[in-house]
Amino acid sequence: MDEEKHRVVYDKECKKLKDLTKKGAESSKIEVVSISVGRLLLRINVSVTSIDAISRRIDKLREENLLPQLSELIQGLIRMWTFMAECHKKQLQKIMEAKSHVQVASCKITGDSGLRATTKLEMECLNWEKCFGDWINAQKSFVKFLNGWLIKFISQENEETCNGIAHFSKGRVGAPETFTVCKNWYQAVQKMSESQVSAAIHDVASSLHQLWEKQSEEQQQRVQADYLSRDYERRVRSFYEERGINYSNGTAASGLAGLDELEKNIGFMKKRLEKQRIIHVQAVKEVNAASSSLRSGMMSIFEALESFFLEGLKGYQQIRNPNKGGKVEW
């Protein structure tokens, strides 16, 4: 800035004038330096006057243009946070009212389609967790930047207290209304912690991954049971046909016990099939147990969301409203 450059030169000229006077230099030399000092001082005063005029214009623009826009923005955010809190409260109520849940293993979703659906839902939960954190951090970063930018325009004089340097406050340094609002806003958003919400969403994503593992295991056991069942049926049918007996599921089941040769050759397969069917039934139970935990997980998410937005709303409502004479109601 020109004012800073002038001050550097002015300080040098003042020192030079002082040295000349101290050494008793010729009056003409002293006069030349004195005139230079006077001109520099005039330029500095002009620069300071210009800077003061610009600063007053900036202050006026900030208080008359920026402040109303900030007030409107904060009011809009309060309406949004109120709506979000009410929305998540209703979502929680609906989940709590749902007394039953869908058993995944009982759905008519077979093959890889069920696994793909679970994986997609898990990825959506992880993306939800990330986007939610990014959204909150974006708000915090914006307010932090805005507050930091305004601080640069405030000339603070630190005051010593018994506890050290006093904290900045409107009353202590005469901060403009815009800064007070932004300072309150900054303090409000810094108190917000989305960790519980993120943890709840992440827990559901983890539960979905465990469900996917159970589904995968159930699918493998079902395929194995179906294979053994078909193989067993084929061998029994072949046994009857080789002996010229008219085969049917009923006759096979009723005639098995009395045929020593069949018991000897196929009895072991029957035991394997029965064992595999028991394993598959257990896998189905584990899938249904894993799917039943999703309801409680979603309840935890919406409980955390409702609590988060209610706490955030309290912080927003404590921001000084210049349109209310300093009252906190918006």
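Let's start with His280, which sits in helix H8. Helices here are DSSP runs of H or I, at least four residues long, numbered from the N terminus. This is a predicted model, where local features need pLDDT of at least 70, side-chain atom pairs count only at pLDDT 80 or more, and totals for chains, interfaces and linings use all residues. Residues are numbered from 1 along each chain as its sequence is written, and side-chain values use heavy atoms, with hydrogens and water left out.

Back to His280. Is this residue buried or exposed? His280 is buried, because its relative accessible area is 17%, and buried means under 20% with a 1.4 Å probe, protein chains only. Its side chain makes a polar contact with the side chain of Glu218, at 2.8 Å. A polar contact is a pair of N or O atoms within 3.5 Å; within protein, one must be able to donate a hydrogen and the other to accept it, and residues adjacent in sequence count only if both atoms are side-chain atoms. Leaving out residues up to four places away in sequence, His280 touches Glu218, Gln221 and Arg222. Touching means heavy atoms within 4.5 Å.

Next, Thr118. You'll find Thr118 in helix H3, residues 112–151. Thr118 is buried too, with a relative accessible area of 7%. Its side chain and that of Gln215 are joined by a polar contact of 2.4 Å. Beyond four places in sequence, Thr118 touches Leu208, Leu211, Trp212 and Gln215.

Now helix H5, residues 177–190. Its 14 residues should span 20 Å at 1.5 Å a residue, and the end C-alpha atoms are 20 Å apart, so the two agree. The expected span is 1.5 Å times one less than the number of residues. Ten of the 14 residues are buried, so H5 is largely enclosed by the rest of the structure. Among the buried ones are Phe179, Cys182, Asn184 and Trp185.

Last, the second largest pocket. Its volume is about 230 Å³, taken as the space filled by probe spheres set on the grid points, which are joined across faces, edges and corners. Of its 13 lining residues, Lys191, Met192, Ser193, Glu311 and Gly312 are the closest to the centre. On a 1 Å grid over the protein atoms alone, a pocket is an open set of points where a 1.4 Å probe fits, with protein on both sides within 12 Å along at least five of seven lines; lining residues have an atom within 4 Å of a point.

Which helix gives the most to that lining? H8 does, with seven residues.

Technical notes
Helix = DSSP H or I, 4+ residues; strand = E, 2+ residues; numbered from the N terminus. Buried < 20%, exposed > 50% of the residue type's maximum accessible area, 1.4 Å probe, protein only.
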